[in-house]
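Subject: Structure handover

Hi,

Here is the structure I promised to pass on to you. Please open it alongside this note, and I will walk you through what turned up.

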Amino acid sequence: MSRRVDQHIAVHRFIAHRQRVLDMKPAVDSRRSKSVPAAPKGDGAGKRPSTNSQQQNQPRKTPMQKERERKIQADNQRLLDRLIKISNRKPQF
C-alpha cells in the first residue's frame with residue numbers, strides 16, 4: 001500500500017515539474033561581459049547587424065516537417081493533460 005502512495009506522489013511531482021518546465025519562459029543574459037572589450041566606434045557605421053550564423057546555415061522547414069512537429073506537440077500536450085488528470089484523482093485506497 002505504501003508503495004502505491006509513494007508512486008502516486010512521485011507521479012504527481014513529475015507532472016508538476018513538467019508543467020513548470022512547459023510554463024517556463026526563455027531567458028537570455030544579453031549584458032556585455034567585463035572581460036570582452038567593447039567594439040570600436042565608427043567602424044560599423046551603416047552596416048546591418050549580423051544575424052545568428054546557425055540560423056543562416058539551417059535549411060527551412062518543409063510543410064511536412066512543420067506538420068510533424070505540430071502533431072508531436074499536440075500529442076505531448078494530450079499526454080500531459082492525461083497525466084495531470086490522473087494525478088488529480090483521489091486515491092482509491
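One definition before we start: helices here are DSSP runs of H or I with at least four residues, numbered from the N terminus. Please also keep in mind that this is a predicted model.

Let's begin with the second largest pocket. It holds about 190 Å³ of space. Which helices each supply at least two residues of its lining? They are H1 (2-23) and H3 (63-88). The largest share, six residues, comes from H3.

Now for how the two helices are arranged. The axes of H1 and H3 come within 9 Å, crossing at roughly 140°. Angles over 145 degrees would count as roughly antiparallel, so at this value H1 is oblique to H3. The crossing of H1 and H3 is left-handed.

On the H1 side, the contact is made by His8, His12, Ile15, Arg18, Gln19 and Leu22. H3 brings Leu80, Leu83, Ile84, Ile86, Ser87 and Asn88 to the contact. Sorted by class, the contact residues comprise six nonpolar, five polar and one charged.

Best wishes

Terms used: Residues numbered from 1 in each chain as written. Predicted model: local features only at pLDDT ≥ 70, side-chain atom pairs only at ≥ 80, totals over all residues. Heavy atoms only, no water. 1 Å grid on protein atoms, 1.4 Å probe; cavity = no way out; pocket = protein on both sides within 12 Å on 5 of 7 lines; lining within 4 Å. Points joined across faces, edges and corners; volume = space filled by probe spheres on them. Axes fitted to C-alpha atoms, helices over the stretch in contact; angles between N-to-C directions. Parallel < 35°, antiparallel > 145°, perpendicular 65-115°, else oblique. Left-handed = near helix turned anticlockwise from the far one by under 90°. Contact = heavy atoms within 4.5 Å. Nonpolar A, V, L, I, M, F, W, Y, C, P; charged D, E, K, R; others polar.
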